[in-house]
Structures are given as C-alpha cells and as structure tokens.
Amino acid sequence: MNFATLLAQDLAATTDLSLEISQNLLTTNNVWMMLSTALVFIMHLGFAGVETGFGQAKNTVNILFKNTITPIIGIVSYALVGFYLMYPGFEVPGWFSFDSAGWNMFWFSPADADVTAGYADGGYTYWTDFLFQAMFAATAATIVSGAIAERVKISAYLIFTVLFVGLVYPLIGSWKWGGGALDDLGFYDFAGSTLVHSVGGWGALAGVILVGPRIGKYINGKTMEKPGASVPLAVIGVFLLWLGWFGFNGGSVLSADPALVSSVLVITSLGACAGGLGGFFTAYFTFKRLDLGMLLNGILAGLVGITAGADVFTPAAALLIGFVAGILVVLSAILLDKLKLDDVVGAVSVHLTCGVWGTLAVGIFSTNPEHSFLAQLIGVAVCGAMAFGSAFLIFYVLKATMGIRVSEEHEKSGLDSHEHGIRGYTIIYDE
C-alpha cells in the first residue's frame, strides 16, 4: 500500500471522526435546549398558579382559562408572524403555500428546516430554535394577564394577546436579538429582563391604567385587601416559575456549554434568593409583618433582575442585584397603590420595575468592559416607549370600540359563572 493511499485513508478516518464529534455535540446541545424549552413551558403553569392563588375564588376559572389559552395563541401567532419579524435575516419561502412537506407559513417552512450542525453553530436545530423562542413570546403576554385580572373582558384580552405577541414583542426583540439597531448600539440583554419582562410589564401597566381598578379596591384613599383564593397555590406557582427560570436563563446560553450553563444557573439562583431576602426585609420594616406575598414577589423580582446579565455577573453582584430588586418590588407595589393602579399579582412591580433595574445593572456590574450604562439606558427607554405606546394604543382602541371591562354586575358576582358557566371551587353538601 503506497503513501498516497494511506494518506487518503487517514484523511477519510479523520473526516468521519470529525463528523461524528460534530453530530454528538449537536445532539448534546439540542437535548439541553429542548429541556430548557420544556422548563420555560412549565412557567405557564407557574403563572397560572400565582395568578389563581392571588386572585379571588369567584374568578378562578376565568384566570385559568386566560393562562391556558395564552401559550396557545402565543405559539401559533409566533409561528405565523412573530418568528420572521424577530429574525428578519431568515429567507422567506412564501406565504401559505403547500408542498409535499406540508404548509409553508411565511418563512416557517418544513421543507427548509435545517437540522444539521451547520445551523446555529451546532447549538440546536431549526425546530428547537423556533419552539424555544415561541415559549419566550408567550411569556410576555402572560405577564399582562395577571395585572388586569378579575375585570377584563376575555375577548378584549385575547385580541390584545394576538397583536402584542404576534407583532409588538417580536418587533422589539428584533432590535437586539434579531441583529437590529440596539444590537449595533451595544445594548445587552442576555435572556430578556427588558425584551421579555419589561416589555410585558409595560403592556401590563398600559392595561392597568385603561381598565381601571377593581370595584372596592380603593375607598376613601385607603387600599382594601382582596384575599386570594389559595395561598398554597401561589407558593407552588412561584416555585414552578423558579424552576422554569433554569431553562429561561440556562437555555439562553444557546448550547450545553458546561462552564457557562452551570455559572448561569448559580447566578440565577443567587439572584432569586437575594430577591426573596430583599422583599422579606423591606416588607417587614414597612408593614411590620412577615409578608408572604412580598417574599414570593421578591423571589420573582430577583429572577427578573438577574436575567439581563446572568452570564456576565459575578456571584457577589448577583446577590446585590437580586437584593435591590427585592427592595424595589415592595416600593413599586406601594407606589402603584398610591396612584390607584390596581395590579392583582404585582406584575408591573416584578417584571417592569425589576426588568428595568436588571437591564441597567448590566451597565454597572457586567464583567464585560464593552457593556455601557448609556447603551443600557437607551435600550430600556426605546423598548419601553415602543412597548407601552403600542399596548396603550391597542387597549385604547379596544376600549373605544368593544370595551375592555366586564359589567359591574359580572365583576361583583364573579366572572366564572357569567363567562364560563362553572366555578373553580365548588363545595357540595350531602343532605
């Protein structure tokens, strides 16, 4: 056997080994990304638990209905429009054409799906990319649901969700994650403190302003408590959200890189813990009681605050950022009540206030010297103006046309019986 033959065999063997390594790496990365997608999906159950737990028993079915249909609308609208708007660099194969592989929805084409290691540098496949991003999109709408619960018309909410998730969220996301102007500016948002959470928070604020407070929430300058249906369910919801955040932030690494993923998960947990402590201490010194609600929202505040820079924060910075977020969520909730802005679950305080804080914190605490406070501030302002302006416009048009609030009679007696025909909690006594 001559030298040329041996060389050819060695080259072939090397090529085969390289392809095998590449495929194994793709499989490992893609499995982690699919698991992360599942963890983000379970966050919808967490949101449902928190909103149902903090809401009144007479509106349980209504709240669960909204939280069930939101991811459905979110995923479908993101498939039809959102993914292309958010990542405009993709080729568009056509509008609703049919081929042997199935329907082509805008760019979302089974025939063009890239499932090789050449897609996304071997981090994941085309399908995983879409589904992971679609879960993020649906999360933004769920944030709005909790803030305006117990008095919003279900029809108005559904129309808002279609427009907000299908158009507003992906357009804003494209400015950074789609390689747009904010990305060119140097704005940084690792997993969405602004692009997901504060965008949803701005939408929630617009809804709260236009739909108005619940009947009897503010009387003679005093804030009246409206007991939630199930405190245990709210606690379960928060822990499910914390669990889902491991996928939310860990999946945003966009690969199974062991060093970076493990670091991000540690930073995420430290932020959550510090946020819980911040909420606990602030509520204790403010209200003179051990406030479970603020402890729970403090955990979520820490998670939101840490999300923008979970890959560039040190553990010490994570503790500080999370703790400040826990303080801010309590102060924000107090301010909203003073302004008579009724937010059932504290979504504006958790997602908007702490989303802004976490994004700005990147410009202060990031280990990457390229990140600047000015770029973060501009990004927060631009995204906030677009999100709030768009949400306000959508809600305003809906209010002026079909109305966005249920009747006084329905609100007082509960939405379950009037809109759904069943109740969430029914006690039957045997005679």
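Tutor: The lining of the second largest pocket has twelve nonpolar residues, two polar and three charged. Here Ala, Val, Leu, Ile, Met, Phe, Trp, Tyr, Cys and Pro count as nonpolar, Asp, Glu, Lys and Arg as charged, and the others, Gly among them, as polar.

This is a predicted model, where local features need pLDDT of at least 70 and side-chain atom pairs count only at pLDDT 80 or more, while totals for chains, interfaces and linings use all residues. Residues are numbered from 1 along each chain as its sequence is written, and side-chain values use heavy atoms, without hydrogens and water.

The second largest pocket holds about 340 Å³ of space. Its lining has 17 residues, and Tyr87, Tyr124, Gln133, Trp177 and Leu254 are the closest to its centre. A pocket is found on a 1 Å grid over the protein atoms alone: it is an open set of points with protein on both sides within 12 Å along at least five of seven lines. A cavity is a set of points where a 1.4 Å probe fits but cannot get out. Lining residues have an atom within 4 Å of a point. Points are joined across faces, edges and corners, and a volume is the space filled by probe spheres set on them.

Now turn to the largest pocket. Its volume is about 910 Å³. Of its 35 lining residues, Lys217, Glu225, Arg289, Met294 and Asp337 are the closest to its centre. That lining has 14 nonpolar, nine polar and twelve charged residues. α10 gives the most, with five residues. Helices (H or I, at least four residues) and strands (E, at least two) are DSSP runs, numbered from the N terminus.

About 120 Å³ of space lies in the largest cavity. Among its 15 lining residues, Phe47, Val50, Val345, Ala347 and His351 are the closest to its centre. α1, α3, α9 and α11 each give two or more residues to this lining. By class, the lining of the largest cavity has eight nonpolar residues, six polar and one charged.

Charged pairs come next. Side chains of opposite charge can pair when their charged atoms come close. The structure holds seven salt bridges, each a side-chain nitrogen of Lys or Arg within 4 Å of a carboxyl oxygen of Asp or Glu. Glutamate 150 and arginine 214 form one, 2.5 Å from N to O. Glutamate 150 sits in the loop between α3 and α4, arginine 214 in the loop between α6 and β3, 64 residues apart. Arginine 214 also meets aspartate 342 in a salt bridge, at 2.7 Å, N to O. Aspartate 342 lies in the loop between α10 and α11, so its pairing with arginine 214 ties together parts that are 128 residues apart in sequence.
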